[in-house]
Structure formats: structure tokens, C-alpha cells
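Me: I am new to this structure and would like to learn how to read its features one at a time. Could you give me the general idea of each feature and then the case at hand?

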Amino acid sequence: MKILITESIADESVQYLKDRGYEVEEYLGHSQEEIEQYIKGFDAIIVRSATKINNALLDNADCLKAVGRAGTGIDNIDVKACTEHGVIALNTPTANNMAAGELAVAHAFSIFRNICVANEGVHNGDFRRGNWVGVELEGKTVGIIGLGRIGSIVARKLKGVGMNAVAYDPYIPQEKFDKVGVTRCQTLDELLVQADLITLHTPKTKETINIIAKEQLYKCKRGVRIVNAARGGLVNEQDLADALAEGQVAAAAIDVFDKEPSYNKKPGEQDYDNVLLHAPNCYITPHLGASTVEATAKVGQGVVELIDGALKGEIVAAINMPQFSGSIAEIKPYCSLAEKIGLMYFQAENMPITKVEVKYRGELSESTGTGIITLSLVMGLLKGMGNDHVSYVNAQECLEESGIEVVETKTESIQKYNNLISVTFFTEDGRQLKIDGTVFAPDTEVIVTFFGYEMNCPLSSTVLALKNNDVPGVIGRIATILGKHDINIVSMHWGRKNQDGSDNTHAQAFVAVEQSVSQDIIDELNAAEGVLRVSLLELA
């Protein structure tokens, strides 16, 4: 598989992918248009903040399965378009938190104490320190817009130098404000009128674009200072430039632009311009929020591990997949079981289905992860129908195109097991075929009911499902045939039921084997006395 990297990540992270057999190409310093044309043939792309994952790129991507952003935000990734194209969208939301928070604090010190302009002055021979008299942070008030992970880091560090901290964030509970020790502002205006420093730490959304514009700037104290090391577009750039020129804003520190330049072009090649580059007392850094040795290593390693998992079909914490609490390790065995149940149906039964009902029983009924488990079942079902390009991202859409309805229900009621996944397939001819399964340990997935037969069968990658007359001698004949062909039996489980209350009983066997089983062997098993039907279940 081929992976394209358009913005620099740590060399160790690139090597991580190469060591796992991927063909990796670093395509750095190219324009958006060039990348959009170059994407053909790549299974994944890794970006940072400049490359845009948009419809134009996705339309040209003929093999793309996953997009990874080495960083926190997703404003350069069209998540909806990724979902429509069946592409998994990934980011590393916590890897650069400390780096971004510390940069915002560094910018605050710089614009309070005129560090950048003083440095420039002395390098040009001007040592008149009276020109660069600063203002102390001690006793001043910082207004933090967005009290998430990074905003909380900034609050803690600026409180540590004696600043009073207030924050506006309508989505964060009061408990978080109390824990961080920050006074809550019920409205943005309440923050604006009291802040000596405003620092932004919110995602870029419809609600937050231009959250600081002319109206807000002139509600602030005259001489307010502003730091934006979060996302370009949160502060209206023209309005900020005007406010700086008029002295309403004493100074600003900006790490991000609404439209980002290329961060790989040399000075002579750079053709980028922005109104803030010409504004007085505006200090600008080239999107350094994640640019520390530690953060670069974390975001690089984080994104390559996610990309590796996504390309292998593993469960990963993707932006455009159902979210759940708890760890992936806890939910993964149930996802694996559900996918195998989905795979089983069309390998064991050729009747089309109109509906699938998934019922979660026991402790699973309280889990927030059932959405991803249901998607795993759908993926298995679609793979059984011959869809080799299904993923967690497009599974639901693919199933809807097939006209099959999926219903998810939950109940705490259960008898034998702590957890049970109960799946009922509603066939086109009016039957209801049911498969139940549970997980005894992370590596022990067990089928307990199969099409009405009570079982207790741990699953393996290759299973022969045999329906037979419940009479003596059948087990021996099956084992003899498999032995003759050097097929080693791993385990063998039988379930019984009485059909229609009559004396004529049938049994259902699950025979797990180590080797592949050819069609000739299956035909021989089908011809054995007492055997009614043999299905090969390939579950790997």
C-alpha cells in the first residue's frame, strides 16, 4: 500500500510506516493543486495544517482509504466529504496540547514585555530600552475563549504568574471551571469588558468564525492584547489590523491565518500576503503551535499508528466514526465477534434478507460503544455479500443502498452471560434466523445460538458448519473424511433441537479446522450419510 505525506513529520514516524511494508512518499512543498493531481494511486495521505482534504482532492483519489492529520484540528479536512467518499478521517487531538498551550503563553509574555520588537531593535543597533517599556502580567486578567484541554493548560500557566483568569465556553460544565480555578463568564461580552489579555482556544466552527471582530474588539478595554494560536478565522484579520492601527488593541500575537501560506517555500519563492503582516504591533509566527521536538514526535507517531491501524481494517478513533467512552481494547473483541456474525449469514444461508435486528443484552446494553459494534456487524454482512471496499465509514451507507434495514435495541435482561449480542436476520421468505454470541475473554469469541441450535463454540478463522440427522455415526464419518485429507480439527461442537415437536431431530455442528478446505472436500462431506448441508465459514 502507498502512503503520501505532504507536510513534514518526524523521520522516526516515516520509518515506522516503511518498517511495516508501506511504500511511503514525502511530497513536500507542493501546491494544493499539485497535490490534488498527485493523489492518484495512494491508499492514505498524511497532512498537517496546510493541505486541504476537500472534494477536489477526494474526487481524484482513486484508492484513498484514510486521511490522517498530524495535529489537533480538522478545519482543513472536509469530514463530510471524507465520509461520502468512504475515507476514514483521523487526527491526533491530544498530542500537541502542551506545545500549543505553551506557545500561547510565550506569545502573552512577548506582547506584554515587547520582547520581539526589542530583539529586532538591538539587532539593528538600537539599545534604547526606554522605547520598549512593557506591562507586567501580575494582577492582570486573562480572558480565555475555550476552556478545553489547551485552554486549561494556558489558564494554569498564566495563573501561575499571578494573572486572574476568566473564561467563556458554553459547552464546558461548571465542574471543569471549578477544577481549573477559572471564573466562568456567562456571555462573551462579560469576558471582553474585563480582560487585559484575550487568548483563543476554540475549534473553528460556524459559531466561532469571526468570534472576535470589530464589534467585539471595541467592547474591550482600550489597550487590550490578543493572542490567537488556535485557528485562523477566529479573529477577523482586517478588523484586528484596523484596531491595532487605531490603538484600540495594544498588541497582538498571531500563529495562524484564515488562509495559510505554504510553510515550505523559501523566502524568494514565497508570494503570500496578509493584512496582519503590515499591521503595527502584530507579532506573527508561522504556525508553530505543534512545533516542538516532543509534539512533533507525538503527533507523528500518533498519526502513523492510526493510519497503520485504519489500513489494516482495525478499529481506530476516527473523526467520522461513532464515538464511545472507554478504551478501544474493551470494545474491540465485541466488534470482532459482531463482524464474524455478519460474515456468517451469507456463507451459511443464500436467502436474501430485508432486515437485521441487533439486540445488546446485559452490561453491553449500558455501553456507548454499541454503534461501532453494529457497524462491525454491517461490515461483516456486506463483506459476505462480496463488497470488498466496505469500511467503518461507508458501511451504513452501503447497507442502505442494498435496501436492508438495521435496527439496534438494548435490554439489561439476560440469563446465562454477562453480555450477549443477539442478531436476528429477517429473510425475504418470512423466516427469522438468529445467531447469538458472547465474549468470554479478549481472545475467546463464542457462538451460543446458531439458527435455532444451542451451541457453545469458540470461533476460529475457518469453521465448517454442518447440519445433520441426529443419529449415531455422523461424527465419526465427518472426522474420517477430514482426517483422510489431512485436515486437522481444532475443536468440534454440536447443538441439538427437536423440529416441529416430532421425533425426527437434527443437529448442527461447528467444526473448527486449521487448514483450508477445498470445494471437493465439502462435496464429499455433503455426500456423507446423515449429513444434510455443509457450509464453509471463513471468518478471518
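Reply: Let us begin with Cys 82, which is found in helix H4, residues 79–84 (helices, H or I, of at least four residues and strands, E, of at least two are DSSP runs, numbered from the N terminus). This is a predicted model, in which local features need pLDDT of at least 70 and side-chain atom pairs count only at pLDDT 80 or more, while totals for chains, interfaces and linings use all residues. Residues are numbered from 1 along each chain as its sequence is written, and side-chain values use heavy atoms, with hydrogens and water left out.

Me: Is Cys 82 buried or exposed?

Reply: Buried means under 20% relative accessible area, exposed means over 50%, and partly exposed lies in between, with a 1.4 Å probe and protein chains only. Cys 82 has 0% relative accessibility and therefore counts as buried. Its C-alpha atom is separated by 9.7 Å from that of Leu 64, 18 residues apart along the chain.

Me: How many disulfides does the structure hold?

Reply: A disulfide is a pair of cysteine sulfur atoms within 2.5 Å, and the structure holds 0 of them. For Cys 220, the closest cysteine sulfur is in Cys 185, at 12 Å, which is too far for a bond.

Me: How should I read the sheet, and in what order do its strands run?

Reply: Strands of a sheet pair through backbone hydrogen bonds, either parallel or antiparallel. Here 5 strands form an open sheet in the order S2-S1-S3-S4-S5, with parallel pairing (two strands pair if DSSP finds at least two bridges between them). Strand S2 (23–26) and strand S5 (88–91) are the edge strands, each pairing on one side only. Within the sheet, strand S3 (residues 44–47) and strand S4 (residues 66–69) pair over 4 bridges, and Ala 44 stands opposite Ala 66 in S4.

Me: Which residues are linked with Glu 349 in a network of salt bridges?

Reply: A salt bridge is a side-chain nitrogen of Lys or Arg within 4 Å of a carboxyl oxygen of Asp or Glu, and the structure holds 19. One network links Glu 349, Asp 429, Arg 431 and Arg 533. Glu 349 meets Arg 431 at 3.1 Å, N to O, and forms a salt bridge with Arg 533 in which the closest N and O atoms are 3.9 Å apart. Because Glu 349 lies in the loop between H13 and S13 and Arg 533 in strand S22 (residues 531–538), this second pair ties together parts that are 184 residues apart in sequence. Glu 349 is buried, with a relative accessible area of 7%, whereas Arg 533 is partly exposed at 36%.
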